[in-house]
Amino acid sequence: MLRHLGCATRSVHSLRRAARLIRSATGSRPRALTAAAGTSRRSYPRRGLGRTIFLSMATGGSVEPPASSGRKRHSNRLIHEKSPYLLQHAHNPVDWYPWGPEAFAKAKKEHKPIFLSVGYSTCHWCHVMERESFENEEIGKIMNENFVCIKVDREERPDVDKVYMAFVQATTGGGGWPMSVWLTPDLKPFAGGTYFAPEDGSHRPGFKTVLKNLADQWKRDRSGIIERSNKILTALQKGVAMSSGREAVPPSCPQVMETCFQQLTNSYDDEYGGFRESPKFPSPVNFNFLFRLWALNKTSEKGARALEMALHTLKMMAFGGIHDHIGQGFHRYSTDRHWHVPHFEKMLYDQGQLAVSYTEAYQTSGDKFFADIARDILLYVSRDLSDESGGFYSAEDADSHPSADSVEKKEGAFCVWTEQEIRELLPDPVSDATQTITMADVFAYYYGMKRSGNVEPAQDLHGELKNKNVLILRYSPQLTAVKFGLEVEKVKEILSTCRKRLYEARKRRPCPHLDSKMVASWNGLMISGFARAGAVLGEKTYILRATKAATFLKEHLFDSNTGRLLRSCYRGSEGVVEQGANPISGFLDDYAFVIRSLIDLYEASFEEQWLEWALKLQEKQDELFWDAKEFGYFTDDANDASVLLRLKEDQDGAEPSGNAVAASNLVRLANFTNRPDWTIRSKQIVTTFEKLLNGIPMALPEMVIGLMTQYHPLKQVMIRGEREAPDTQELIQCINAHFVPNKILLLADGNSESFLYQTLPFLSTLELKDGKATAYVCQNFSCSLPVTTAAELKTLLLK
């Protein structure tokens, strides 16, 4: 599935449909122009991706080495932007424009095609293409003379990215970043790919050749290109359209659940966990589904298998090199089957989702190991991705300088170790051992270190990790203790001391680039991570951190005048939070993820302001994105005429689909507010994706969860009591200790003037039993008898 490539998230069915329509519209199968997309272990694109040009062009010629220049550093228009990615390109010799009217007007006035380059600040191959091509004076001159060049940060403008990625995927069979697309002055695509090497290869033209050929084609056959681009856009519109008839009904939940389970089972790696051979992505949506499947089938073989797949994968990930054993948190993905050698960037959206996954793993298993990993993630985010204002930063780069005097950055340099370094840093002799050893010996054995490095050459095509070690747990503390004749607790003590010392040593290395952009949707995912972990683990500091982040969102990423979310803001000079000159409005994902986080935060803190805000945002989401004709939510509103397609995301990727999250949000909110229309709307969303759910449900497990939320009656769990009273807290802790996913949790504190009491008048009928905090559990319009003990409540919850 494409989502596992870390590329883009259109479903196979819609891509094939779009590709067929484009071929039909343009009269022939487009000729492929190979873009030499990433063949390295750290690439987002796979080999051969990004390779279609719709025009016939020569492939001869060569590209000269980049011209050296002693000129004063040049600055282009991007110097005035706030996006870290755009600022990275502010000194290119390319006359870059940000996406906007100025660039569009120039293209139309000068009758020039547009070259659109889309990426993000922690993208390795984006860095490579900049270094090879965009910093090249000669290539920059060709670009400036023949094209209007536009740079887009895909994390700022996912709407623009999705439109042109749909084109690249439909015409090449895949996609990734950097994305390179050529457009007519009216923004219609006619050629595209991903990464282009600067020089011609044996079977592919280099970037300079591509630029020259496209410029020549434009001059000779402008009208033909424009005609073809019109046909391409029409075909794309038809190809990506999604709808369900007014008489359509949601698919069969039991059947969809079974199909999704079987598809995940068939792709599962029994030995190392995960759902493909390699590369392996965390895919938290898979864990979400498997845990919920287990909760409905606890005593069956299927339920046991679902739980086993989720827990084993999460454990192997935590053991692997994808987990940062020194600095905490998780890297983006593993390049191999064993979760060993990662692509080293760290993304906020992974941390937020995995914090929830490990928290739920602890709930389902009772194994403290998973709780510790959840804490590990939240420590990393609190320390390294947190702004003083309360917001969360987006990412840390994979590449960094190996030392202060290094000229060239290398991937993983901040995280990897030579054995010699370990021996110099951990020379302490270990007492009580049956042999003469140092702490370095224990550490190196436990983490699988080798003198020649533990990275296979096949995983290091560019030699950046030669003689380096990526830490991976090879032996348990028990086996390590046996190896050296030590007590298990002594081994754990040694390893803890070693990790702390290496962390201090690593702080002296040049740090990777930090993308300090703060994105509403990703902050929502992280708020959920802190709120859910705080509730389950009984850590009030986590709930307070989630509250601080929600307050940040309301202050910096919400326009109280319009009731709309904003997409992003930025860490400015002296730590002040700044907005761009033209703030970007929020997209569907921003609303869906923030709404879910606010519900989660209410259920952890019982502060009604968050639930009240969630309701208002849901109403605004309906107003901006709902397709009243064909159902489902569009990813963007209709206010920006420069976005040529309004899409509906039909697949889970690194983040869940906004429609899928909304489907569950609506059911939860309907039960909080007695809004049956929202339950109906949730069913309409699922119906819109009925074909995909019946065919390839593993492409969108989060939507399967939405279907399950509708099919299996939701429990309304209500606690009548004072929030901080010990008897109330005992009941709340009982609820949080058990994995009961299909529920909502309300606190009725007796304040008849509060938002909840005004919204749900029946709360006034709930009474304390014998003067004690009392729990009521309702389902299918009937309620249990009130209970006052945790044991009685547990029985009702697990019934």
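This is a predicted model: local features need pLDDT of at least 70, side-chain atom pairs count only at pLDDT 80 or more; totals for chains, interfaces and linings use all residues.
The contact between helix α12, residues 348-365, and helix α18, residues 520-537, is considered first. The axes of α12 and α18 come within 8 Å and cross at roughly 25°, an angle that makes α12 roughly parallel to α18, since angles under 35 degrees are placed in that class. The crossing in which α12 passes α18 is left-handed. On the side of α12, the contact is formed by Leu-348, Tyr-349, Gln-351, Gly-352, Gln-353, Ala-355, Val-356, Thr-359, Glu-360, Tyr-362 and Gln-363, while α18 contributes Trp-522, Asn-523, Leu-525, Met-526, Ser-528, Gly-529, Arg-532, Ala-533, Val-536 and Leu-537. By residue class, this contact of α12 with α18 comprises 11 nonpolar, 8 polar and 2 charged residues.

Helix α18 also contains Gly-534. With a relative accessibility of 2%, Gly-534 counts as buried, because the cut-off for burial is under 20%. When its neighbours within four places in sequence are left aside, Gly-534 is in contact with Glu-539, Tyr-542 and Ile-543. Gly-534 and Asn-736 are separated by 202 residues in sequence, and their C-alpha atoms lie 9.7 Å apart in space.

The residues involved in the contact of α9 with α10 divide into 8 nonpolar and 1 polar, with no charged residue among them.

Both α9 and α10, together with α12 and α13 (368-384), are packed against by the buried residues of helix α11. Helix α11 runs over residues 301-319, and its 19 residues should span 27 Å at 1.5 Å a residue, which agrees with the 27 Å that separates its end C-alpha atoms. The buried residues of α11 are Gly-303, Ala-306, Leu-307, Met-309, Ala-310, Leu-311, Thr-313, Leu-314, Met-316, Met-317 and Ala-318. As background to such patterns, an α-helix has 3.6 residues a turn, so residues three or four places apart point the same way.

The packing of helix α16, residues 477-484, against helix α17, residues 488-506, occurs at an angle of about 105°, with the two axes 8 Å apart. Helix α16 is therefore roughly perpendicular to α17, as the range for that class is 65 to 115 degrees. Pro-477, Gln-478, Thr-480 and Ala-481 of α16 make the contact with Val-488, Val-491 and Lys-492 of α17. The contact of α16 with α17 is made up of 4 nonpolar, 2 polar and 1 charged residues.

Helix α23, residues 676-688, has 13 residues and reaches 19 Å from its first C-alpha to its last, a value close to the 18 Å expected at 1.5 Å a residue. Within α23, the buried residues are Trp-678, Arg-681, Ser-682, Ile-685, Val-686, Thr-687 and Thr-688.

Methods: Residues are numbered from 1 along each chain as its sequence is written. Side-chain values use heavy atoms; hydrogens and water are left out. Axes are lines fitted to C-alpha atoms, for helices over the stretch in contact, and angles run from 0 to 180 degrees between N-to-C directions. Helices (H or I, at least four residues) and strands (E, at least two) are DSSP runs, numbered from the N terminus. Angles under 35 degrees count as roughly parallel, over 145 as roughly antiparallel, 65 to 115 as roughly perpendicular and the rest as oblique. A crossing is left-handed if the near helix is turned anticlockwise from the far one by less than a right angle, and right-handed if clockwise. Contact means heavy atoms within 4.5 Å. Ala, Val, Leu, Ile, Met, Phe, Trp, Tyr, Cys and Pro count as nonpolar, Asp, Glu, Lys and Arg as charged, and the others, Gly among them, as polar. The expected span of a helix is 1.5 Å times one less than its number of residues. Buried means under 20% relative accessible area, exposed over 50%, partly exposed in between (1.4 Å probe, protein chains only).
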